[in-house]
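Dear colleague,

Please find below the structure that I promised to hand over.

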Amino acid sequence: MGEREVSGVWPHGARSAVMLTFDVDAETVWLNGNSSYPDSEDWLGSVSLGHYGPRRAVPRLLNLLAKEGVRGTFFVPGYVVERYPDAIAEIVRAGHELGHHGYRHERFFDQTPEAQEAILLKSQHIFEDVLGYQAEGFRTPSGDFSRETPKLLQSLGFGYSSSMRGSDRPYRTVIDDAPSDFIEIPPRWELDDFVMFAYNLFPAEPRGQDRISAYTAGFDNYRREFDGYHRLGLCYVLMTHPQVIGKPGRVFHLQALIRHMKEALPEPGSQSGVWFATGSEVAAAWRLAHPREAAAHGR
Ligand SMILES: [Zn+2]
């Protein structure tokens, strides 16, 4: 078609990459959202929205991914690993990737570098102690990190982040004025299920109320974005939350979306149209195809 913006990067001659991500926030987001109210932990109805993720939705999503033969990347706060060790261990046993997502879903942008480091180390230790696992990837909770965060992550051994919004393909993060080996794999709001479907009456989510989009419309958006990403050869990052996407009606829409991706046409002579990959695999493919020296010269 001659319109690809990225080519020669994805393995097996695939035209585009798909990274399916699941942020297992559980009750942390609701506890944080309630924190301006007295006795925030006692707002049991809103907190129970979060329980739905690890208790009901994660097993359902693991079944779906096994059935479709694709792997996902699950970003999990350390607090959730402590509270739901069996559910999170199942994710690892099924061969999916775990990524770091703070301890209690803290915002990083207004924390000192020392406080950020303490959170990163605390959750990495929980991953190691509870699961025997070391996270390579990071997704910033609640939307933003600070200018120091990428350098800090890299110094602690992380290889990539999936947090920023400024591209629709990965890139080498500039650290100390030079493109680094620390890869950013940006997700986008239009591919986020929380924006589309999350709802609570009080405390209000969304604040202005009136949301829970029509399922067909929401998934049609995801599908049309995929068609565009595939055509241009980009890296499609679906950003979902088990407590939101793992509902009985939505999980089958997700299955249909994955099947649509699998049917995407390959290039002549290649094995597959789409490369389904985890975050660390996408980061490695990007590093390989875009050497640092070339990136430093703007190529
Ligand atoms: Zn989150």
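The following paragraphs describe what was found, from the whole chain down to single residues.

Please bear in mind from the start that this is a predicted model.

**The chain as a whole**

The protein chain has twelve helices and nine strands. Its C-alpha atoms fill a box of roughly 60 × 45 × 40 Å along the principal axes. A compact globule of 299 residues would have a radius of gyration near 19 Å, and the protein chain agrees with this because its own value is 19 Å. Buried residues account for 41% of the 299 residues. Consider also the contacts between residues at least 6 apart in sequence: 74% of them join residues at least 24 apart.

In soluble globular proteins, nonpolar side chains tend to be buried together. The largest nonpolar core here holds 40 residues, and the members that touch the most others are Ala 17, Met 19, Tyr 236 and Val 282. Several elements supply at least two residues each to this core: the strands β1 (16-23), β7 (178-184), β8 (235-240) and β9 (274-276), and the helices α8 (215-232), α9 (242-245), α10 (248-262) and α11 (279-289). With five residues, β8 gives the most to this core. Another core lies apart from it and has 23 residues, including Ala 26, Phe 74, Tyr 103 and Phe 127.

**Strand β1**

Strand β1 deserves a careful look. Eight of its eight residues are buried, so β1 is largely enclosed by the rest of the structure. In a regular strand the side chains alternate between the two faces of the sheet. In β1, Ser 16, Val 18, Leu 20 and Phe 22 point one way, while Ala 17, Met 19, Thr 21 and Asp 23 point the other way, and all are buried.

Which strands pair with β1? Strand β8 runs parallel to β1 and is joined to it by six bridges; within this pairing, Ala 17 stands opposite Cys 235. Strand β9 also pairs with β1 in the parallel sense, over three bridges, and here Val 274 is the bridge partner of Ser 16. Strand β2 (residues 73-76) runs parallel to β1 too, with three bridges between them, and in β2 Thr 73 is the bridge partner of Thr 21.

Leaving aside its neighbours within four places in sequence, Ala 17 is in contact with Trp 10, Cys 235, Tyr 236, Trp 275, Ala 277 and Val 282.

**Helix α5**

Helix α5 (113-131) has 19 residues and reaches 26 Å from its first C-alpha to its last, close to the 27 Å expected at 1.5 Å a residue. Its buried residues include Gln 116, Leu 120, Ser 123, Gln 124, Ile 126 and Phe 127. These six cover an arc of only 150° around the axis, which means that they are on the same side of α5. An α-helix has 3.6 residues a turn, so residues three or four places apart point the same way. The buried residues of α5 pack against α3 (78-83), β3 and α6 (149-155). On the face turned away from the buried side are the exposed residues Glu 114, Ala 115, His 125 and Glu 128. Just after α5, Gly 132 takes a positive phi of about 60°.

**Residues in loops**

His 105 lies in the loop between β3 (97-100) and α5, whereas Asp 177 is in the loop between β6 (171-175) and β7. Are these residues buried or exposed? His 105 counts as buried because it has 24 C-beta neighbours inside 10 Å. Asp 177 is exposed, because 6 other C-beta atoms lie within 10 Å.

Finally, Ser 213 is found in the loop between α7 (193-197) and α8. It counts as partly exposed because it has 14 C-beta neighbours inside 10 Å. Ser 213 and Val 195 are 18 residues apart in sequence, and their C-alpha atoms are 9.1 Å apart in space. Beyond its neighbours within four places in sequence, Ser 213 is in contact with Met 196, Phe 197 and Gly 218.

With kind regards

Definitions and conventions
Residues are numbered from 1 along each chain as its sequence is written. This is a predicted model: local features need pLDDT of at least 70, side-chain atom pairs count only at pLDDT 80 or more; totals for chains, interfaces and linings use all residues. A nonpolar core is a set of buried Ala, Val, Leu, Ile, Met, Phe, Trp, Tyr and Cys residues joined through C-beta atoms within 7 Å. A residue is buried if 20 or more other C-beta atoms lie within 10 Å of its own, exposed if 12 or fewer, and partly exposed in between; C-beta atoms are placed from the backbone. Helices (H or I, at least four residues) and strands (E, at least two) are DSSP runs, numbered from the N terminus. Two residues are in contact if their C-beta atoms, placed from the backbone, lie within 7 Å. Two strands pair if DSSP finds at least two bridges between them. The expected span of a helix is 1.5 Å times one less than its number of residues. The arc is that of the directions from the helix axis to the C-beta atoms. The radius of gyration is taken over C-alpha atoms; the globule rule is 2.2 Å times the number of residues to the power 0.38.
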